[in-house]
Amino acid sequence: MKRKYILILPAILSALCLSACNDPKEKQVTIEFMHSSVEQERQAVINQLIAQFEKENPLIVIKPVPVEEDAYNTKVITLARTGALPAVIEVSHDYAKVMDKEQLVDRNAVKEVIEQIGVDQFYPGVLRIVRTEEGEHYTGVPIHGWIQGIWYHKQQLADAGFSAPANWQDVTRIATSFNRPDLKKYGIALPTAESVLTEQAFSQFALSNNANVFNAQGKITVNTPEMRIALDYYQQLAALSMPGSNDVMEIKDAFMNGTVPMAIYSTYILPAVYSEGRAADLGFAVPAEKSKAVYGTITSLTISNGLSEPSRKAAEQWVSFLEQADHATSWVLMSPGAALPVTRGVTGNATWLNNPVIKAFGTLPQALVNEFANVQVFGSVGEKNFAEMGDVTGSAVLSEMINGVTVGKRDPQQALVEGQQRIDALTQQR
């Protein structure tokens, strides 16, 4: 599950300069493209796209900069401080918020590309996730995304007389029925570690109960009755999960080996399910309380601020090229099933439709894409995405709070009071 996040110091903006170099003699421009696809087979796909682009645009050279995910944040800081930030950067929407806050994103260039593609080509909900705080621009051009919810084994639930969980009460009933800790069997695999996954999983329940970290006026709203109800529920549900601090690997393993009938995870579970030949048995649900809240993230291609005009145009051309239906399909199918299309051009593309993984899951992939319309994330209120939410997630205040309540058995109300205080102090420092 991919998630790149960092707090970038404001001081680096003054060091930002051109990431591309022009050769006036040949009138050729070179731009760098930073991405996280370090696997050999994925680099082969990207290099093929670069070769095709350069053939069609002989005066533009694309220099790929593949960076390991674990080193991605440090690399961005280093390059930005030295004035060598690549012209085009693959970036998750939460990380892009921080880049935008530090004025590292060329908002106008990004908006031009999106308008050229056509706003209506993106699935409902996708562009809302990448809007800037003032609501007039975007932090990047979406290329793919993933969503998260409750995955379940259809046959296990059916054999026990259950259908897909539609609300919180259904989840509790199913989890309670399957919970047999004496046999090392549990009701649900629930993230409880001090990790981003835990914050993401909890956010779905909180937002479903109309609890958010910010309100429409930008005030911190962690310590509220709505958040208390959600945290109480999460604590109760954690008692029906595996003991200890559970994170990505523990959740995935428990679901795949049958320890639990349900698990909260992203679409990156699909390749593992497919490889075991159990695609037809996989179900997906987003239980609602007051509303339906799907957690999701969008990966975008953003364009760095401060480029020369030739480099800026070259960057726009490269991003526009990657967003074309055939090319975006190649990009998405580097992780078939896990990475979801965000444009209609991909879901209508024969190559995507006929991919063996996509076909194996039947109607599920398209249904998952349609869920982008229901995505809710902390810090997003209506059409407004508060940039400071990036700082909150980076501070780990929320995941530490949830871990303390679920694993440490702390009092939820006291945890909310302290969480509110810590986030208030954090945002006042900015």
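**A kinked helix, a crossover and a buried serine**

Helix α2 carries a kink of about 25°, centred on K75. The model is a predicted one. Helix α2 covers residues 69-81, 13 residues in total. At 1.5 Å a residue, those 13 residues should span 18 Å. The end C-alpha atoms lie 19 Å apart, which agrees with that expectation.

Next, the packing of this helix. Y72, N73, V76, I77, L79 and A80 are the buried residues in α2. An α-helix has 3.6 residues a turn, so residues three or four places apart point the same way. Among the elements that cover the buried residues of α2 are β2 (28-35), β4 (88-92) and α3 (93-101). Just after α2 comes G83, with a positive phi of about 75°.

V29 has I60 in β3 as its bridge partner. From β2, the chain passes through helix α1 (residues 40-56) and on to β3. This β-α-β crossover is right-handed.

Is S399 buried or exposed? Its relative accessibility is 3%. Buried means under 20%, so S399 counts as buried. The S399 side chain reaches the backbone oxygen of A396 at 3.2 Å. Leaving aside residues up to four places away in sequence, S399 touches A193, E194 and S195.

Notes. Residues are numbered from 1 along each chain as its sequence is written. This is a predicted model: local features need pLDDT of at least 70, side-chain atom pairs count only at pLDDT 80 or more; totals for chains, interfaces and linings use all residues. Side-chain values use heavy atoms; hydrogens and water are left out. Helices (H or I, at least four residues) and strands (E, at least two) are DSSP runs, numbered from the N terminus. The expected span of a helix is 1.5 Å times one less than its number of residues. The bend at a residue is the angle between axes fitted to the seven residues ending there and the seven starting there. Buried means under 20% relative accessible area, exposed over 50%, partly exposed in between (1.4 Å probe, protein chains only). Contact means heavy atoms within 4.5 Å. Two strands pair if DSSP finds at least two bridges between them. A crossover is right-handed if, with the strands pointing away from the viewer, the path from the first strand over the helix to the second runs clockwise. A polar contact is a pair of N or O atoms within 3.5 Å; within protein, one must be able to donate a hydrogen and the other to accept it, and residues adjacent in sequence count only if both atoms are side-chain atoms.
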